Amino acid sequence: MQAVIGNKYYYIQNINFMHIDIITLFPDLFTGIFSQSILSRAQKKGIVSVEFHDLREYSVNKYKSVDDYAYGGGAGMVMQIEPIANCLEDLKKKRTYDEIIYTAPDGERLNQSIANELSLKNNLCFLCGHYKGVDERVREHLVTREISIGDYVLSGGELAAAVISDAIIRVIPGVLNDETSALSDSFQANLVSPPVYSRPAEYNGWKVPDIILSGNTKLIDEWSLEQSIKRTKERRPELLK
Ligand code: ADE
């Protein structure tokens, strides 16, 4: 299988095993997402394992709180460094992380190339932010990477960690049954996907293009590539630069 990282193509031969630890104040937010569809299948196939760690268990006070007022004032609470540092110290006793990723709106913007790159790692850890974010020293000293899923602010980093995990897991070799289907996804070659059709060949007078019904795979592939290029020019011209 091939993966595109930056502007280079990599050939991947071996099936990787990946463990993901997710540090969160709301572990229950993840249960539905990781127990369905491809994310569940990846775990059942033994390619991925995921563990959630409730940050409150690492609180350093009897109230189980993990946040406090910001020094210097200002609205909003800050996630304190101690519970996060203690949690990471505990987790690092078990494994060495390739990346410790803090999900933050001002991080590098997630794209297919980053998902492909991270899919080749063995141990990832996500730290989900809340409130006004984490004490800056966490960002400076404890995390290795900061990723955003777009220019908008979510109420917490959990949905971002779930989105990033999904984008990574589905491209791990062996997760999808038909590996070519991940390769033909939008963005894998900096092109968006071509249109696709299924039965019936005509609905309400709306016809599937004759070429798609021709059975000539060479012509269909050429047509699909043309359509991908045309759509990318129309919808996402910046991808072609
Ligand atoms: N936390 C809050 N908003 C976020 C975003 N857009 N991306 C990643 N993490 C976030």
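How far is a nitrogen atom of the ligand from a polar backbone atom of L154? The distance is 2.9 Å, and the protein covers 96% of the 260 Å² of accessible area that the ligand has on its own (Shrake-Rupley method, 1.4 Å probe). This is a predicted model, in which local features need pLDDT of at least 70 and side-chain atom pairs count only at pLDDT 80 or more, while totals for chains, interfaces and linings use all residues. Residues are numbered from 1 along each chain as its sequence is written, and side-chain values use heavy atoms, with hydrogens and water left out.

**Ligand shell**

- The residues around the ligand (a heavy atom within 4 Å of it) are T103, A104, P105, I147, S148, I149, G150, Y152, V153, L154, G156 and A160.
- By type, the shell divides into 8 nonpolar residues, 4 polar ones, Gly being counted as polar, and no charged ones.
- At least two shell residues each come from β7 (99-109) and β9 (145-148), strands being DSSP runs of E with at least two residues.
- β7 gives the largest share, 3 residues.

**Other polar backbone atoms by the ligand**

- A polar backbone atom of I149 lies 3.0 Å from a nitrogen atom of the ligand.
- For A104, the distance from a polar backbone atom to a nitrogen atom of the ligand is 3.2 Å.

**Residue G76**

- G76 sits in the loop between β5 (67-69) and β6 (77-79).
- Not counting residues up to four places away in sequence, G76 touches A70 and K132 (heavy atoms within 4.5 Å).
- Between G76 and L55, the separation is 21 residues in sequence and 19 Å in space, C-alpha to C-alpha.

Key
A polar contact is a pair of N or O atoms within 3.5 Å; within protein, one must be able to donate a hydrogen and the other to accept it, and residues adjacent in sequence count only if both atoms are side-chain atoms. Helices (H or I, at least four residues) and strands (E, at least two) are DSSP runs, numbered from the N terminus.
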